[in-house]
Amino acid sequence: MVDSYLPRLRIVLPRKGESLEPQTLFDKPVRDVWLEVGFGAGEHLVSQAEAHRDVGFIGCEPFINGVAAVLSKVKARQLDNVRILDDDARPLLAALVDASVGRVFVLFSDPWPKARHNERRFISASTVDAVARILKDRGHLCFASDHMGYVRWALERVTADRRFSWTARQPADWRCRPEDWFPTRYEAKARARGAACAYLKFEREGRIGGRAPERKSLVRSGAEVI
Ligand SMILES: C[S@@+](CC[C@H](N)C(=O)[O-])C[C@H]1O[C@@H](n2cnc3c(N)ncnc32)[C@H](O)[C@@H]1O
């Protein structure tokens, strides 16, 4: 499956210094492009692609068994709106043109729990900056984790970038998975061992017409609760 089908769906990064318009990855025009970093076995990616056949999906995952799992699901469900980068997502983020993606999902990303490894976490000032650049106005960065240290880390780093605001208004907004996200394998594993999960949705402010409303107090209270 990997040898026969991946070449059809694989994203080839442009040469250094060149950019990639994600709409061009798809055979037919798509109304939006959504990107998932570290899709694992692809439950969320494939469910989204099936639910939104008019959206183009980019999935990034260096784990080859996960890529193979997604390829067979994509083929079985006859999805023509999925493209795969079987590698680190960061060079792709760097290559995508400004304001070209509607949603970026980072779900149950490796938490690197030991303090000396925290800097390996996918969420960092530079990836947040890259996501802010490629997201369209009012686009969403969607993050989930069962590791509360990583949840606080993500909350602090994303809201430190003034282009993002956290959309939560009440505890249920981060304690319950949004209805338009789908469950993943790692979420199921976390719930099976009784771990709580947190779901953070951040909105990128509009480029024209000023900033999104100030949400500092909400962030502070959320960080304390989480
Ligand atoms: C803990 S797993 C979660 C998989 C899936 N999202 C889920 O919830 O079941 C994290 C995944 O992120 C992938 N990953 C880690 N760093 C990555 C990066 N820089 N770019 C793309 N994927 C990455 C890993 O290979 C791994 O499969």
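At what angle do helix 1 and helix 3 pack, and how far apart are their axes? This is a predicted model, in which local features need pLDDT of at least 70 and side-chain atom pairs count only at pLDDT 80 or more, while totals for chains, interfaces and linings use all residues. Residues are numbered from 1 along each chain as its sequence is written.

Helix 1 and helix 3 pack at an angle of about 80°, with their axes 10 Å apart; axes are lines fitted to C-alpha atoms over the stretch in contact, with angles running from 0 to 180 degrees between N-to-C directions. Helix 1 is therefore roughly perpendicular to helix 3, a term that covers angles of 65 to 115 degrees. Helices are DSSP runs (H or I, at least four residues) and strands likewise (E, at least two), numbered from the N terminus.

| Helix | Range | Residues in the contact |
|---|---|---|
| Helix 1 | residues 2-9 | Val-2, Tyr-5, Leu-6, Leu-9 |
| Helix 3 | residues 64-76 | Ile-64, Val-67, Ala-68, Leu-71, Val-74, Lys-75 |

Residues count as in contact if their C-beta atoms, placed from the backbone, lie within 7 Å.

Turning to the whole chain, the secondary structure comes to nine helices and seven strands. The radius of gyration, taken over C-alpha atoms, is 17 Å, close to the 17 Å that the globule rule (2.2 Å times the number of residues to the power 0.38) gives for 226 residues, so the chain is as compact as a globular protein of that length. Its C-alpha atoms fill a box of roughly 50 × 45 × 35 Å along the principal axes.

Definitions and conventions. Angles under 35 degrees count as roughly parallel, over 145 as roughly antiparallel, 65 to 115 as roughly perpendicular and the rest as oblique. Two residues are in contact if their C-beta atoms, placed from the backbone, lie within 7 Å.
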